[in-house]
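Good morning, and thank you for coming.

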Amino acid sequence: MKFGCCRSGWNDRSRCVITLGMAPEATRQSLSQRVHRFVAVLERYKRNPNRREAYHVLSAIDCLKEERYEAGLDAIQAAEHVEPIPDGVVLMRGLHDNITVAELSEALRKALRAPDNSGS
């Protein structure tokens, strides 16, 4: 049985149940906390992310900026599981190749400070 919000195809019932009923701000908060927690673990172990982790964390941060929170949750889950980089991107050189944990942390800070374009 597959659930609609699980693009990976895994039966991740707990995350689906939690995020399907959440308001956008709560989902945004959940995503930002998970990204922050991931970066904090890298900092604690004094290591930079590997190429896969960096790609998925950067994707999650981009989703946070673009208010695509469900896709961001999928991306941070991919980072946590160190899933492969998508085939179309794997041979391309990019920011994810040599990023440091400090740069990831700064990117997250900038994404969280981005002005809200949704309302007024």
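Let me begin with a definition: a salt bridge is a side-chain nitrogen of Lys or Arg within 4 Å of a carboxyl oxygen of Asp or Glu. The background is that side chains of opposite charge can pair when their charged atoms come close.

Two remarks on the source are needed. This is a predicted model, in which local features need pLDDT of at least 70 and side-chain atom pairs count only at pLDDT 80 or more, while totals for chains, interfaces and linings use all residues. Residues are numbered from 1 along each chain as its sequence is written, and side-chain values use heavy atoms, with hydrogens and water left out.

I turn to the overall picture. The protein chain has six helices and zero strands; here helices (H or I, at least four residues) and strands (E, at least two) are DSSP runs, numbered from the N terminus. Of the 120 residues in the protein chain, 39% are buried. Buried means under 20% relative accessible area, exposed means over 50%, and partly exposed lies in between, with a 1.4 Å probe and protein chains only. The accessible surface comes to about 7,500 Å², and carbon and sulfur atoms account for 53% of that surface; these areas come from the Shrake-Rupley method with a 1.4 Å probe, and for residues only the protein chains shown count as cover.

Contact, in this talk, means heavy atoms within 4.5 Å. Among contacts between residues at least 6 apart in sequence, 72% join residues at least 24 apart.

Next, the interior. A nonpolar core is a set of buried Ala, Val, Leu, Ile, Met, Phe, Trp, Tyr and Cys residues joined through side-chain atoms within 4.5 Å. Which residues touch the most other members of the largest nonpolar core? They are Leu31, Val35, Val57, Ile61, Ile76 and Leu104, out of 22 residues in that core. Helix H2 (24-44), helix H3 (51-65), helix H4 (69-80) and helix H6 (101-113) each supply at least two residues of this core. H3 gives the most, with six residues.

Leu31, in helix H2, is buried with a relative accessible area of 0%. Not counting residues up to four places away in sequence, Leu31 touches Ala60, Leu64, Tyr69, Gly72, Leu73 and Ile76. With the same exclusion, Val57 touches Val35, Phe38, Ile76, Ala79 and Leu104.

H3 has 15 residues and reaches 21 Å from its first C-alpha to its last, close to the 21 Å expected at 1.5 Å a residue; the expected span is 1.5 Å times one less than the number of residues. Because 11 of its 15 residues are buried, H3 is largely enclosed by the rest of the structure. The cover over the buried residues of H3 includes H2, H4, helix H5 (87-90) and H6.

Now to charge. Arg109 and Glu106 are three residues apart in helix H6, so about one helical turn separates them. Arg113 also forms a salt bridge with Glu106, at 3.6 Å between the closest N and O atoms. Arg113 counts as exposed at 57% relative accessibility, whereas Glu106 is partly exposed at 29%. Another network, through salt bridges that share partners, joins Arg51, Arg93 and Asp97.

Leaving aside neighbours within four places in sequence, Arg28 is in contact with Leu64, Tyr69, Ala111 and Leu112.

Finally, two loop residues. Glu67, in the loop between H3 and H4, has a positive phi of about 60° although it is not a glycine. Val82, in the loop between H4 and H5, has a phi near 50°, also a positive value in a residue other than glycine. Thank you for your attention.
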